[in-house]
Amino acid sequence: QVQVVESGGGSVLPGGSLRLSCAASGTIFKVTTMAWYRQSPGKERELVATVRRDGTTKYGNSVQGRFTAARHNFENTLSLQMDMVKPEDTAVYLCNAAVLSSWDARDAVTYWGKGTLVTVSS
C-alpha cells in the first residue's frame with residue numbers, strides 16, 4: 001500500500017508565507033505526477049499545482065505567481081511554498097501522488113492524503 005501525508009499547515013497573516021510538505025511512502029516503484037489541490041467549505045476542489053516527474057509544473061490561475069511547487073523524486077516528496085497569501089487561500093490542502101507499484105505495472109494509481117488546514121486571517 002501507499003501512504004500520502006501532508007504537513008505544514010497552520011494560521012498565517014494576509015501577505016505572509018507558509019510552506020507545506022507532502023511525502024509518499026510504501027510500495028512504490030516510481031511516482032509519476034504529484035499534485036496539490038485545495039478544498040474550501042461550499043466550493044469545489046480546486047487545482048493548486050501539478051508537478052510531473054521531469055519537473056514540468058502547472059499552476060491554478062488563482063495561485064500563479066504567488067505559490068511555488070517543487071518535488072524531490074528520490075525522496076518522493078512535494079513541497080508548496082505559499083507567498084503573499086490571501087484570505088481566499090484558506091482551505092484544506094490535499095496532496096496526491098500517481099504511483100507505479102512495480103516495473104511492469106500498466107497504470108499508475110492515484111493516492112490522496114487526508115489534507116492539512118491553512119487559515120489566512122488577520
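# A disulfide, its sheets and a nonpolar core

C22 and C95 are both buried, where buried means under 20% relative accessible area, exposed means over 50%, and partly exposed lies in between (1.4 Å probe, protein chains only). The structure is a predicted model, in which local features need pLDDT of at least 70 and side-chain atom pairs count only at pLDDT 80 or more, whereas totals for chains, interfaces and linings use all residues. Residues are numbered from 1 along each chain as its sequence is written, and side-chain values use heavy atoms, with hydrogens and water left out.

C22 and C95 form a disulfide, with their sulfur atoms 2.0 Å apart; the term denotes a pair of cysteine sulfur atoms within 2.5 Å. By this rule the count comes to 1 disulfide. The torsion about the S-S bond of C22 and C95 is about -75°, so the disulfide is left-handed. The pair links distant parts of the chain, since C22 belongs to strand 3 and C95 to strand 9, 73 residues apart. Strands here are DSSP runs (E, at least two residues), as helices are runs of H or I with at least four residues, and both are numbered from the N terminus.

Strands of a sheet pair through backbone hydrogen bonds, either parallel or antiparallel. Two strands are said to pair if DSSP finds at least two bridges between them. An open sheet of 4 strands has the order 1-3-8-7, with antiparallel pairing. Its edge strands are strand 1 and strand 7, each of which pairs on one side only. From one strand to the next, the twist averages 15°; axes are lines fitted to C-alpha atoms, for helices over the stretch in contact, and angles run from 0 to 180 degrees between N-to-C directions.

The sheet may be followed in its strand order. Strand 1 and strand 3 run antiparallel and are joined by 6 bridges, and V4 has A24 in strand 3 as its bridge partner. Strand 3 is joined to strand 8 by 6 bridges, again antiparallel; here S21 has S79 in strand 8 as its bridge partner. Strand 7 and strand 8, which run antiparallel, are likewise joined by 6 bridges, and T68 stands opposite Q81 in strand 8.

Strand 9, which holds C95, has its own pairing. Strand 4 and strand 9 pair in the antiparallel sense over 8 bridges, and the partner of Y37 in strand 9 is L94. Strand 4 is also joined to strand 5 by 5 bridges, and these two run antiparallel. M34 has V51 in strand 5 as its bridge partner. The hairpin of strand 4 and strand 5 has 6 residues between the strands, and in this hairpin G42 takes a positive phi near 80°.

The nonpolar core is the next topic. In soluble globular proteins, nonpolar side chains tend to be buried together. A nonpolar core is defined as a set of buried Ala, Val, Leu, Ile, Met, Phe, Trp, Tyr and Cys residues joined through side-chain atoms within 4.5 Å. The largest such core has 28 residues, and those with the most contacts inside it are L20, W36, V48, F67, L80, M82 and Y93. The elements that give two or more residues to this core include strand 1 (2-7), strand 3 (18-26), strand 8 (77-82) and strand 11 (116-120). Strand 9 gives the most, with 5 residues.

Most residues other than glycine have a negative phi, and most peptide bonds are trans. N76, in the loop between strand 7 and strand 8, has a positive phi of about 55° although it is not a glycine. N76 counts as buried because its relative accessible area is 14%. Beyond its neighbours within four places in sequence, N76 is in contact with C22, A23, A24, I28, V31 and M34. M84, in the loop between strand 8 and strand 9, is not a glycine either and has a positive phi of about 50°. At 48% relative accessibility, M84 is partly exposed. G60 is found in the loop between strand 6 (57-59) and strand 7, and it is buried, with a relative accessible area of 8%. Leaving aside neighbours within four places in sequence, G60 is in contact with L47 and V48.

Technical notes: Contact means heavy atoms within 4.5 Å.
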